[in-house]
Amino acid sequence: MYNPQLETFICVADAGSFNKAAEDLYITPTAVIKQINLLEANLGIKLFVRTHRGLILTDSGKSLYQDAKYIIQYCKDSVVRAKNASHKGGSIIRIGTSPMTPGQFLMELWPKIHKICPDIKFELIPYENTPENAREILKNLGQNIDIVAGFFDPLFLERRQCAALELSKEPIHCAVAICHPLAEKEQLSVKDLYGENLMLIRRGWNHHLDVMRDELLQNHPQIHIIDFDFFSLDVFNQCENSNNIIMTVNNWKNVHPLLKTIPVNWNYIIPFGILHSPKPSEPVQRFLNAVRQVMGISNMAR
């Protein structure tokens, strides 16, 4: 599908040296150098400047680095689309999964759903959880991915051009590094957060969290709120490394092994459910109806 030397090139660019890239790729430095030399020769451009401090990308190398990542991901996605095409017309539902959007919500529901829809099967489609990917996936649900589990509010659904079947209202918890003094507690009070840095997602992502933010700012100014743009592993890593506290939910308790999720004695919640296309396919619609039946949800619920 694409020149495999591109993956070696990206690895070398990220590592900054042939030796480190060789370790990451489990091949010899000589093999790495040979691949880069061949790639430079085939393209007719110089990709790296060799210095005593390591390798530095040339302007051409920087340009190729961005395009190569796109080319590789596009080729991988094309394979997924080809596989999905072979299932067209069948009763296979494709579930998008990432560390922040796990498919665990099906575990308890599946036995009962299977009795209602025994012909429906599932395929897990992993994806990289980035803001760009999230927007594209939700906007195009039904094409390569049928459903994704996630949090939402009406404005979120409108902006992402998708619909949702609410499964629950999840309490907002906090997560702290396991070495943080608060990690000894099994439940937190709001006053436990006084003097701490509390990481909250930016305003506008979810109405329920905006209400929480405003009430904390007004009633508990002793809590230092730190904004972040998007829920990802990088944000959870930042929390653990900085010894801050981050808002989270029980669904994400296993995202980071060095963070402990702790309930807080407040009443803040966020809707959680199955995100799907506004015009779901026949198998997806039958699956959603089965979920409603199992959970006793009205067909009018969104």
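Guide: Start with the open sheet of five strands, ordered β9-β8-β10-β7-β11, whose pairing is mixed. Its edge strands are β9 (224–228) and β11 (259–262), and each pairs on one side only. From one strand to the next, the twist averages 35 degrees.

This is a predicted model, in which local features need pLDDT of at least 70 and side-chain atom pairs count only at pLDDT 80 or more, while totals for chains, interfaces and linings use all residues. Residues are numbered from 1 along each chain as its sequence is written, and side-chain values use heavy atoms, leaving out hydrogens and water. Helices (H or I, at least four residues) and strands (E, at least two) are DSSP runs, numbered from the N terminus. Two strands pair if DSSP finds at least two bridges between them.

Four bridges link β11 to β7 (residues 173–177) in the antiparallel sense. Leu259 in β11 is the bridge partner of Ala177. Helix α8 (residues 207–219) packs on this sheet and touches β8 (197–201), β9 and β10 (245–248); its direction makes about 150 degrees with that of β8. Contact here means heavy atoms within 4.5 Å. Axes are lines fitted to C-alpha atoms, for helices over the stretch in contact, and angles run from 0 to 180 degrees between N-to-C directions. Helix α9 (residues 233–242) lies across β7, β8, β9, β10 and β11. Relative to β10, α9 runs at about 145 degrees.

Now another sheet. Five strands form an open sheet, in the order β4-β3-β5-β12-β6, with mixed pairing. β4 (121–126) and β6 (163–171) each have a single partner strand, so one side of each is left without a neighbour in the sheet. Neighbouring strands here are turned by 25 degrees against each other on average, direction ignored. β6 and β12 (residues 269–276) run antiparallel, joined by eight bridges. Opposite Phe272 in β12 stands Ser168.

Next, Ser91. Ser91 sits in the loop between α4 (59–86) and β3 (92–97). Leaving out residues up to four places away in sequence, Ser91 touches Asp119, Ile120, Lys121, Pro283 and Arg286. The side chains of Ser91 and Arg286 are joined by a polar contact of 3.4 Å. Such a contact is a pair of N or O atoms within 3.5 Å; within protein, one must be able to donate a hydrogen and the other to accept it, and residues adjacent in sequence count only if both atoms are side-chain atoms.

α1 (residues 5–15) packs on α3 (residues 29–43) at about 115 degrees, with axes 9 Å apart. α1 and α3 are therefore roughly perpendicular. Angles under 35 degrees count as roughly parallel, over 145 as roughly antiparallel, 65 to 115 as roughly perpendicular and the rest as oblique. The α1–α3 crossing is left-handed; that holds if the near helix is turned anticlockwise from the far one by less than a right angle, and clockwise gives right-handed. Gln5, Leu6, Thr8, Phe9 and Val12 of α1 meet Val32, Gln35, Ile36, Leu38, Leu39 and Asn42 of α3. By class, this contact has seven nonpolar, four polar and no charged residues. Ala, Val, Leu, Ile, Met, Phe, Trp, Tyr, Cys and Pro count as nonpolar, Asp, Glu, Lys and Arg as charged, and the others, Gly among them, as polar.
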